[in-house]
Amino acid sequence: MSDRRRWVANAVRRIEADFNRSADTHLIRLDLDRHPGITLYLKDESSHPTGSLKHRLARSLFLYALCNEWIGPDTCVIEASSGSTAVSEAYFAKMLGLRFIAVVPAATAQPKLDAIRFHGGEIHMVDDPGTVYAVAQRLAHETGGHYLDQFTYAERATDWRGNNNIAESIFAQMAEEEYPVPAWIVCGAGTGGTSATIGRYIRYQRHPSRLCVADPEQSIFHRHHADRSQVTLRSSHMSRIEGIGRARVEPSFLPGVIDRMIAVSDADSIGAMRALSDRLGRRVGGSTGTNIWACLHLAEDMERAGEHGSIVTLLCDAGDRYGCTYYDEDWIAAQGINWSPGADRVAHFLGRPS
Ligand SMILES: *Cc1c(COP(=O)(O)O)cnc(C)c1O
């Protein structure tokens, strides 16, 4: 074996060994007192070593790049990211002894920047969020490095047929429940990678489950789903829900495998986030609130149709990264967000902890 092949083999082994030492993420069950025929489940992706569902994506992107011989012992690794992906990638870069640079919009939450630096990553800030892709490309060129490009590769770096991807894990954990095959699986879309994996998996496994994507109102994704000719957002007014909703249709977003999209206002996402945090006794992130708001609508539709069954959604990350935004009263007031009507409605939907 050449030195280079030996290095790649050892890098793959380190990532596999890390996986081997890790447990699967929990599937939390929530019984809904007011909806006796419907059970809600939360796939808790905050329990990954780097705190979000992006841990799965970062692992897949590194393995894909290593096995394509895109990364070697001296490669500087670069990513365009609003935070969570870069946190997880910095973790894997450090594991492999590689330099890592995150290209992030200037508005990125401070705790995320701290987490990237904690894992040894460097930060390259840009004022215009629309330029992150081009700047990452340029840095890769200048350093002779590799741009991981989550928005392009998320859908193909993940093994959609199985290999313990998030969908396979959900179905295995549901096996002993009353309704083991979910009526709905609900997630958000940032890269679109998670929805692509789940959508393909349920078709490949021939499950009747439907996939719903919960999308911020100010995102292009639900517009594109309704009308494929819409590919970029004209307004610069973006959603404040980190991790989901984009101004351009990302290459990894596959509308064909999504059965329904629900557009959610930031106020309702934050209200749902608050209500779920109260119900669980711990804080969750904003995109989890977006998911829960969509679950409420699906549950009401199921009830109207006399349908019983299970709904599975994702707890994408915890609230600790949002102490100075969604959980800060001054920040909320400055944004002019009135989340309490949404929170009341979701609190009623979720009922009391049993
Ligand atoms: C990235 C992200 C999502 C969306 O996942 P994708 O697979 O990129 O579509 C949802 N929530 C959070 C917090 C994220 O960071």
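In the predicted model, a nitrogen atom of the ligand lies 2.7 Å from an N or O atom in the side chain of S287, a distance that qualifies as a polar contact, defined as a pair of N or O atoms within 3.5 Å (within protein, one must be able to donate a hydrogen and the other to accept it, and residues adjacent in sequence count only if both atoms are side-chain atoms). An oxygen atom of the ligand is 2.5 Å from an N or O atom in the side chain of T194, and a polar side-chain atom of T191 is placed 2.7 Å from an oxygen atom of the ligand. Of the 380 Å² of accessible area that the ligand has on its own, the protein covers 97%, where accessible areas come from the Shrake-Rupley method with a 1.4 Å probe and, for residues, only the protein chains shown count as cover.

Around the ligand there are 15 residues, of which K54, G190, T191, T194 and S287 come nearest; a residue is counted as near if one of its heavy atoms lies within 4 Å of the molecule. By class, this shell holds four nonpolar, nine polar and two charged residues, with Ala, Val, Leu, Ile, Met, Phe, Trp, Tyr, Cys and Pro taken as nonpolar, Asp, Glu, Lys and Arg as charged, and the others, Gly among them, as polar.

Residues are numbered from 1 along each chain as its sequence is written. Because the model is predicted, local features need pLDDT of at least 70 and side-chain atom pairs count only at pLDDT 80 or more, whereas totals for chains, interfaces and linings use all residues, and side-chain values use heavy atoms, with hydrogens and water left out.

Helix α10 comprises the 15 residues 266-280 and should span 21 Å at 1.5 Å a residue, which agrees with the 21 Å between its end C-alpha atoms; the expected span is 1.5 Å times one less than the number of residues, and helices (H or I, at least four residues) and strands (E, at least two) are DSSP runs numbered from the N terminus. Eleven of the 15 residues of α10 are buried, including D266, M273 and R279, where buried means under 20% relative accessible area, exposed over 50%, and partly exposed in between (1.4 Å probe, protein chains only). Just after α10, G281 takes a positive phi of about 80°.
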